[in-house]
Amino acid sequence: MTNLKKLAGGALLLGLALPLVSGCEQVGAVLHKAGDMLGAKSGGAPAGAPGGMPPGMQMPTPEVGFIVVHPASAPIVEEVAGRTAASAVAEIRPQVGGIIEKRVFEEGSRVNAGDVLYRIDARSYQATLDAAKADLERAEASVPSAQAKFDRYQELANVNGVSKQDIDEARSALLQAKAATAAAASAVRTAEINLGYTEVKAPISGLIGRSSVTEGALVTAGQATALATIRQIDPIYVDLSASSTSMSHMRQAIEREGVSAGKEGPKVTIKLDDNSTYEKIGRIISTEANVDETTDTVTLRSSFANPKLELLPGMYVRAAVEIGTEENIYLLPQRAVSRNVTGQATAYFLTPDNKVEARMLTADRPHGFNWVVETGISDGDRLIVEGVQKIRPGMEVKFAEVQLGADGLVKPAAPAAAPAKAP
């Protein structure tokens, strides 16, 4: 009501006679005429101008930055969790009993196969060896006389000088002497082996842990408690736990057309707890033949070189398994792709007549700062990556080509190289 009074007052000031009218249509028409005259008097925009903007005032043309997309290749990567494990583990147990005389190694040090770790009191085993050697000498001494007697009886048998029974007894005595010699020789070898076991040696190379015994401890052959444990960690295993869904994705990726897999199998890179990437590349060497019923995962075993012993058994890692390389795909920056209410990926492109075009895409696999897109794009399309918030489909825009850095940030395009001057 107040606005009507103001408009009517303005019309009266300009010399317009406001007649007494009845009916809303006549009042509205008169007030509309008064408003037009007020606008003309004040130099404003005529009635019906968009937003009431003065003539000559227009919305500025949006400016956008674009990149030209081309086909590319990208690795197919599946991320899984993993845990490191020693490639070989040896628990050191004594093979003979006795008193530990000396622990030779340093706990936590690196040992090589064949290094002496413990020395057990060897005096009783040396005495057993000496006795076995004496028995062997006695047995060996009886063989020549038994052999000679058998030979003489054979010569006399040719002239019927001895009975057949005498020859049989001589043959039996010779065989017994030889058997006794062999048994004595075996006892000597056994005594030598047991004497050698008094030096407990490392069966494999690796890192040795703490010792469970000290000098003076009594140990027995094959005891339940290990003296120490050696773990071989160069190379080291990384056991990856892949869900059944991840395994399905891997199989589908390998079978997909246009995917090339390496001859040596999938490559594996790992990240440690501090988010640093381990410098060595690993390879898948085996796959578990069943799915764990409790975790619904399959274990993939990979092997890594570990010359600096940076990886220790039991470490948790994040692994990226590179299954193969996919050819003839497009990598669209994530900053240029948005999602609608249904989750469909959308991106803006420049048409040949420099207008904005929106396209629906299939982008369900990330690759770094990009989305992997296989269809809906052609080589040479101009993708808008900067100024997306200011545009709508069908708009005419100002545009400039830009570049994207490795971090996904926009930077100006490099200037074209100047033509070389003629000499």
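A pocket is here an open set of grid points at which a 1.4 Å probe fits, with protein on both sides within 12 Å along at least five of seven lines. In this predicted model, the largest pocket holds about 440 Å³ of space. Its lining is made up of 20 residues, of which I76, V77, E78, R365 and P366 are the closest to the centre of the pocket. Four elements, namely β2 (72-92), α5 (244-255), β14 (316-333) and β18 (365-367), each supply at least two residues of this lining, and β2 gives the most, with 6 residues. When the lining of the largest pocket is sorted by class, 10 residues are nonpolar, 4 are polar and 6 are charged.

Strand β2 also includes T84, which counts as buried because its relative accessibility is 5%, whereas the limit for a buried residue is under 20%. The side chain of T84 reaches the backbone nitrogen of M315 at 2.8 Å. Leaving aside residues up to four places away in sequence, T84 touches I236, Y237 and V238, together with L312, P313, G314, M315 and V317.

Helix α3, which covers residues 123-157, has 35 residues and reaches 52 Å from its first C-alpha to its last, close to the 51 Å expected at 1.5 Å a residue. The buried residues of α3 are Y125, L129, A132, L136, A139, V143, A146, F150 and Y153. An α-helix has 3.6 residues a turn, so residues three or four places apart point the same way. The buried residues of α3 pack against α4 (164-196).

Key
Residues numbered from 1 in each chain as written. Predicted model: local features only at pLDDT ≥ 70, side-chain atom pairs only at ≥ 80, totals over all residues. Heavy atoms only, no water. 1 Å grid on protein atoms, 1.4 Å probe; cavity = no way out; pocket = protein on both sides within 12 Å on 5 of 7 lines; lining within 4 Å. Points joined across faces, edges and corners; volume = space filled by probe spheres on them. Nonpolar A, V, L, I, M, F, W, Y, C, P; charged D, E, K, R; others polar. Buried < 20%, exposed > 50% of the residue type's maximum accessible area, 1.4 Å probe, protein only. Polar contact = N/O pair within 3.5 Å; in protein donor to acceptor, adjacent residues only side chain to side chain. Contact = heavy atoms within 4.5 Å. Expected span 1.5 Å × (residues − 1).
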